[in-house]
Amino acid sequence: MIRNLTKMIFGLALTVLSVTAYAQTTISGNVTDSEGEPLIGVNVLVEGTVLGTITDINGDFSLAVQASPPINIVISYVGYERQQLEVNSDMSGIKIVLEESTMLGQEVVVSASRVEEGILESPVSIEKMNIRDIQNTSSDDYYKSIANLKGVDMTTSSVNFQIINARGFNSTGNTRFVQLIDGMDTQAPALNFPIGNLNGPSAIDVESVELIPGAASALYGPNAFNGILLINSKSPFDYQGLSAYAKVGVNHIADSELNTEGQEIGPGSAQMMNEFSVRYAKAYNNKFAFKINASYSRAEDWYGTDLRDKSSAIQPAGLSHNPGSNLVHGYGDEVSAAMSLVKISAASSFEGTALEPFLNYFPTEVVSRTPYEERFLVDYGAKNIKFNTGLHYRLNDNLEISYTLNYGAGTTVYTGAQRYSLKNFNIQSHKLELKADNFFVRGYTTIENSGDSYIADLSGVLINRAWKGDSQWFGEYAQGYLTSLATFAGAGQFDFTNGPTAAQRDAAHLNGRATADVGRLIPGTPEFEAALQESTQSVIPGGSKFNDKSKFYHFEGMYDLKNQIDFMDLQVGASYKLYDLGSNGTIFADSVGNDITIQEFGGFAQASKRLLDDKLKLTGSVRYDKNENFDGQYNPRISGVYKVANDHNIRASFQTGFRNPTTQGQHIDLNVVTARLLGGLPRYAEAYNIYENAYTAQSVQEFIGLVASDPDPALALANPAYLDVLVAATELEPVKPEQVKSIEIGYKGLIGNKLFVDMAYYRNIYSDFIAQVQIRKAAGTLDLDATVPTEQNLRNAQGLLTPTSEPENTFQTYTNVNREVSAQGFVFGLEYILGNGYRLGANYNWNKLNEELGSGFLNEFNTPENKVNFTIANSKLTDKLGFNVAYRWQQDFRWESSFGQGDMPSVSTVDAQVSYKLSDLKSILKVGGTNILNQDYTLSYGGPSLGSIFYVSITFDEFLN
């Protein structure tokens, strides 16, 4: 496919070359600021072409244009007023003076309509960061500073892994959001969500960042559901020379981290972290240019410190602890058993012993195996290695062909349905593109390699089983429990009539665990490390390691008919995607000889027209997409922007969006101890016959609670009153795409050239929510009409008490929620120039889920209702000194996901930096910190505890003015 694309692109290029012949016009000149100082690296672009250059160290430029006058050139530089100049003949020695600009409301954006337009005229909400914003960010990394933009939510799974979301339904792996780097989708093929900046450009190679919060499927296709982020890197034609970046910092300051039990954890002292980047770009005769980027970062990762009990709802009354606990950051306790079931299988081993008299007082509670804390199982040595290169060739003034390679590798931690240690992974993208001023054709592929990545939860389970099997452990637990009761009886403290007291049961459970844990592997010992290595180096299902090498191919093109049509603007585009899954049976059912691919294709058209003396701009677009496993989807968008006065615009839009079930939502087939995760396509439910003798998870939990509280749990298993609460799992509809309809009304305005105001209200209506549903199978057919306990029901109900692997009885599959819910929100932002270079910024964000999904489904809105950001900055406090301070606050909220559910406390942080220009060294020195008050916080349930980072960085740029 790539070979055919290459032939197509070169064929098109040669065709254009063969019919293109122009006279040559030479243009040269000099660019200075208002004080006569030469400006280095100013962009000089020939309008309507791909031709451009930059000014040299003296502010000079020269262009040879294959066209006859008149020719329009555009001169632009961040922080200065954009100028346009008409050239009517060969011209040399042009003197151009650029005036400094406030830049308020003057930004040019591309992503909102896929064509250039002023940000004030954007038909939808849009945010932009330019080079100056990226250089002056108060965060330790430009990517993290995106959280300061209006309407943005950011979750952190690792020190180097952040996920962006907008307008609700947030997650740690956001499949409702699309991120593009130079037009390439950065999703990992096996996950279907962007992986943050793990394979993105470093700060010294980023030209701009644009973010659209809200549905964008009409232009960008599937999964542009909650928004889209575009990161544009620097062209080697426009940004030449050498630049470098070095940062040294510390985190885990004062090691104040405490787990939820109040115990101090962490590495024990402040930890060094560092990052180094280098970029070099060079152009030759404005025809050929290349760039090379390399980046490396290293840090001690944030720790998972949450030892709250996810199963606290089933803690038995009167006990000081929950013997069936499932700790958030404890792994191995996913394996549990109802002791009533253990009694049935183990009672005979106590008959004829001193413990037989106590069988009537056998524990009835659910008991879980003893877990290991995350810090002993996860690789916290976070690192990220990135390499990027670009080769660009201008076939003529109108055509440019390029090849791009993006490569990212490293180690990080990710929170999904479980906690994953992504160790020594790598992901690479290769792109070939042909572009002109009015069209582009591109094809790229993304290839991922899971390296040594593994499931931390499963590792804890496997280490426990390595030294003692589950059956033996639960049998010994029962022995220790009964022995404790016998000890009380021997001391004359046991009441055989009323049974053990709550305190005696509590002590018996503690003794049961102590008995079963004899010989348990201790973290840090050679035996433990050997078991950990064995589990993480063996692939699933024998170990916890993934073996994924999935691939993604995307071919797309867009054509702007501006040269053919002048009564309106019209663009058309088309796209083809192919997912080639390659997990080798560790995620999908793609073992040898069972290849799994998914194909998607789509196309769009967009037209816009100015009316009422150019005061009103109407835009309409429609897109059609088809995934081979689902019905085709139409997504229209209509919008209008009305200029009520100069620099004051009101906008309104109606747009739709959709997201296809992910590759996992379609094809996953993975046993994660507590359940087998299955894709929502019919073949998987059929393969495991999951609906036979199956009941809903909610009714099974209610049944378990009744059984566990009964004095005779063995008989309770067949109690007709208890069985009556079970609800049979009806066959679910196969999963299908999720839909959203969105209405937005907004205003952008510039007041007195000093105050920029941007506000918007949105209302989203969602339908066909993609959700996961868990069901559990009984060991055989249950007679729910029985009026008295039966042997058949007693035997078959045992399988409902706990998840089992042999045979598998618990399944979690994908389906859709058959109802509509709505959400609404409001954003309000201000940016004000105080004078003398001071800039104030503030924004307020309100998001509200109007209805819940209903019983049995997770809402997963995962967004604080209220959130505010404040910034104050001055990049030119003096000729050399600048600063930036940002304050961020968000309200407490409820987090729900397949990993767990819990309340997230409110968060407030302060980031700050001071910069100093070292003019003689063409460098900028920056000293700063994030979360400088060092108040540990968590952004998602199951996420790590985040502390402060303090750093010193220096940026060298050969063309720094």
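Predicted model: local features only at pLDDT ≥ 70, side-chain atom pairs only at ≥ 80, totals over all residues.
Two rings of Phe, Tyr or Trp count as a pair if their centres lie within 6.5 Å, the six-membered ring being the one used for Trp.

The structure holds 32 aromatic pairs. One of them joins F225 and Y766: the ring centres are 6.0 Å apart and the planes meet at 45°, so this pair is tilted. Where do F225 and Y766 lie? F225 is in the loop between α3 (217-220) and β16 (227-233), while Y766 belongs to strand β39 (residues 755-767), so the pair ties together parts that are 541 residues apart in sequence.

Are F225 and Y766 buried or exposed? Both F225 and Y766 are buried. Y766 also pairs with F769, with ring centres 5.5 Å apart and planes at 40°, so this pair is tilted as well. For Y766 the relative accessible area is 1%, which is under the 20% cut-off, so Y766 counts as buried. F769 has a relative accessibility of 2%, and because this too is under 20%, F769 is buried.

Some rings gather in a group. Which residues form one aromatic cluster? They are F161, F193, Y414, Y420 and F546.

Charged side chains meet rings too. R394 lies over the face of F237, and R520 takes up such a place over the face of Y372. The table gives the distances.

| Charged residue | Ring | Distance from the ring centre |
|---|---|---|
| R394 | F237 | 3.6 Å |
| R520 | Y372 | 3.8 Å |

Terms used:
Residues numbered from 1 in each chain as written. Heavy atoms only, no water. Phe/Tyr/Trp six-rings, centres within 6.5 Å; stacked < 30°, edge-to-face > 60°. Helix = DSSP H or I, 4+ residues; strand = E, 2+ residues; numbered from the N terminus. Buried < 20%, exposed > 50% of the residue type's maximum accessible area, 1.4 Å probe, protein only. Lys NZ or Arg CZ within 6 Å of the ring centre and 35° of its normal.
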